[in-house]
Amino acid sequence: MRCGQDGCDNPATHRYTWPGKDEAGVCSEHIERLRDVAASLRFHLQLIPVTDDTEHASCSCCDGCGQIADSDDGEPWSQWESLPAGADMAVRLGIVSPIPCPECAS
Ligand SMILES: [Zn+2]
Ligand SMILES: [Zn+2]
């Protein structure tokens with residue numbers, strides 16, 4: 001997701017919304033101004049940190065997705081989720097299941 005404020009092309013660090021508005025992205029540079037705008041319009045600004053942005057994956061264990069497979073290798077669950085249909089048989093049979101990442105899941 002990109003910021004989109006004034007045509008800004010930075011990766012969004014947060015999603016935001018207020019009543020009547022569809023969710024959009026905002027980057028760390030524009031977030032303060034957005035707060036000011038919402039405050040001056042008396043909108044209730046809701047900010048949601050972007051956690052599914054793999055460009056900013058910070059956890060080497062789960063690649064930032066927050067879940068790992070309970071297999072021997074414990075690979076990031078996003079790898080299993082992105083498997084094409086037919087290749088994910090182990091998941092569908094329940095042989096491999098997601099568990100919270102031991103490194104970063106709270
Ligand atoms: Zn921006
Ligand atoms: Zn993790």
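View 1. Helices (H or I, at least four residues) and strands (E, at least two) are DSSP runs, numbered from the N terminus. Along the sequence, the pattern reads β-β-α-β-β-α-α-β. The radius of gyration is 18 Å, well over the 13 Å that the globule rule gives for 106 residues, so the chain is more spread out than a compact globule. That radius is taken over C-alpha atoms, and the rule is 2.2 Å times the number of residues to the power 0.38. Along the principal axes, the C-alpha atoms fill a box of roughly 55 × 25 × 25 Å. This is a predicted model: local features need pLDDT of at least 70, side-chain atom pairs count only at pLDDT 80 or more, and totals for chains, interfaces and linings use all residues. Residues are numbered from 1 along each chain as its sequence is written, while chains are lettered from A and ligands numbered from 1 in the order in which they are written.

**View 2. Two domains divide the chain.** Domain 1 covers 5-50 and domain 2 covers 56-100. These bounds come from an automatic or database domain assignment. The C-alpha centres of the two domains lie 31 Å apart.

**View 3. Helix H1 spans residues 31-41 and is hardly covered.** Among its eleven residues, the count of buried residues is zero. A residue is buried if 20 or more other C-beta atoms lie within 10 Å of its own, exposed if 12 or fewer, and partly exposed in between; C-beta atoms are placed from the backbone. In the chain, 15% of the 106 residues count as buried. Arg42 follows H1 and has a positive phi, near 60 degrees.

**View 4. The largest nonpolar core has seven residues.** They are Cys62, Cys65, Ile68, Ala69, Trp77, Trp80 and Cys101. Another core, of five residues, lies apart from it, and includes Cys3, Ala12, Tyr16 and Cys27. A nonpolar core is a set of buried Ala, Val, Leu, Ile, Met, Phe, Trp, Tyr and Cys residues joined through C-beta atoms within 7 Å.

**View 5. Ile68 and its contacts.** Not counting residues up to four places away in sequence, Ile68 touches Cys61, Cys62, Gly74, Glu75, Pro76, Trp77, Ile99 and Cys101. Contact means C-beta atoms, placed from the backbone, within 7 Å.

**View 6. Ser60 sits in the loop between strand E3 (46-49) and strand E4 (67-69).** Ser60 is exposed, with 10 other C-beta atoms within 10 Å. Ser60 and Glu103 are 43 residues apart in sequence, but 8.5 Å apart in space, C-alpha to C-alpha.

Note on methods:
Two residues are in contact if their C-beta atoms, placed from the backbone, lie within 7 Å.
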